Amino acid sequence: EKVKITKEQQALVKSIVDAYNKHQIPQDVTKKLLQEQYSAEENFLLLTEMATNQVQVLVEFTKNIPGFLSLDREDQIALLKGSAVEAMFLRSAQVLSKRMPNGHTEVLKERVRNSGMSEEFMTPMFNFYKSIDELQIGQEEQALLTAVTILTPDRPYVKDYQAVERLQETMLDVLRKLCVLQHPQDPQYFARLLGRLTELRTLNHYHAEMLTSWRMNDQKFTPLLCEIWDVQ
Ligand SMILES: CC(C)c1onc(-c2c(Cl)cccc2Cl)c1COc1ccc2cc(-c3cccc(C(=O)O)c3)sc2c1
């Protein structure tokens, strides 16, 4: 049957995409990736600065997701803490899969590869980046996928599961329609996108392990990252 995006779904996509484009790490911050010298310490510091800025961007984006601010305040925090790493994988994947015309791709890849992270984390991480690149995700799908990730109801400490699930389903409905309309040649495209979200959750586990190993080596994070990742 002919898939039709309703007027309110069009408005929803527009508000999500506008919010996604409006909130970005400032250029004067990301251009440091191109300028600073290369060393494991400097790379780690730069990635820490990028992640810290990305969390701030994520909070602003999330506040613009229709319905998010009417959720229970503590649930809002639980959703942000529970999805931050996954949302940052999605964003860094966009940068690493040459989806952004800013020449950061190679530089970021090099800095991530030489920042003291263990090989056992690198492999799944770069496999994920490759699988995202193969999907050639468009801007609307990227923004909606980030919103779907944030609105995952089964995060730790979420109280009103149903309220979050309702919001996520609204996003999934319009994302599914967008995929059908924009990838008519690939009826499995939406399912493949959701498969990436499953892969993202496994990366959470690797990331938690990495955080622990960094703490062993007494690596320092910023107060915002300590708060969102419950470290130090
Ligand atoms: C604390 C730090 C060492 C760390 O620990 N784990 C991770 C991580 C790593 Cl490695 C991989 C995935 C997820 C996480 Cl969370 C990180 C670094 O996380 C980030 C997070 C976001 C961004 C956005 C960037 C970026 C570049 C150019 C342009 C843009 C842009 O949006 O224009 C964005 S780089 C960057 C680095």
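Mentor: Begin with the largest cavity, lined by Tyr20, His23, Gln24, Gln54, Val57, Leu58, Phe61, Ala87, Arg91 and Thr146. α4 and α5 each give two or more residues to this lining. The model is predicted: local features need pLDDT of at least 70, side-chain atom pairs count only at pLDDT 80 or more, and totals for chains, interfaces and linings use all residues. Numbering runs from 1 along each chain as its sequence is written, and side-chain values use heavy atoms, without hydrogens and water.

Trainee: What is a cavity, and what is a pocket?

Mentor: Rolling a probe the size of a water molecule over the atoms shows where empty space is left. On a 1 Å grid over the protein atoms alone, a cavity is a set of points where a 1.4 Å probe fits but cannot get out; a pocket is an open set with protein on both sides within 12 Å along at least five of seven lines; lining residues have an atom within 4 Å of a point. Points join across faces, edges and corners, and a volume is the space filled by probe spheres set on them. Here, the largest cavity holds about 90 Å³.

Trainee: Which element gives the largest share of the cavity lining?

Mentor: α4, with four residues. Helices (H or I, at least four residues) are DSSP runs, numbered from the N terminus.

Trainee: What volume has the largest pocket?

Mentor: About 750 Å³. Its lining has 33 residues, with Met50, Ala51, Met88, Ser92 and Leu108 nearest the centre.

Trainee: And which element gives the most to the second largest pocket's lining?

Mentor: α10, with eight residues. That pocket holds about 560 Å³.
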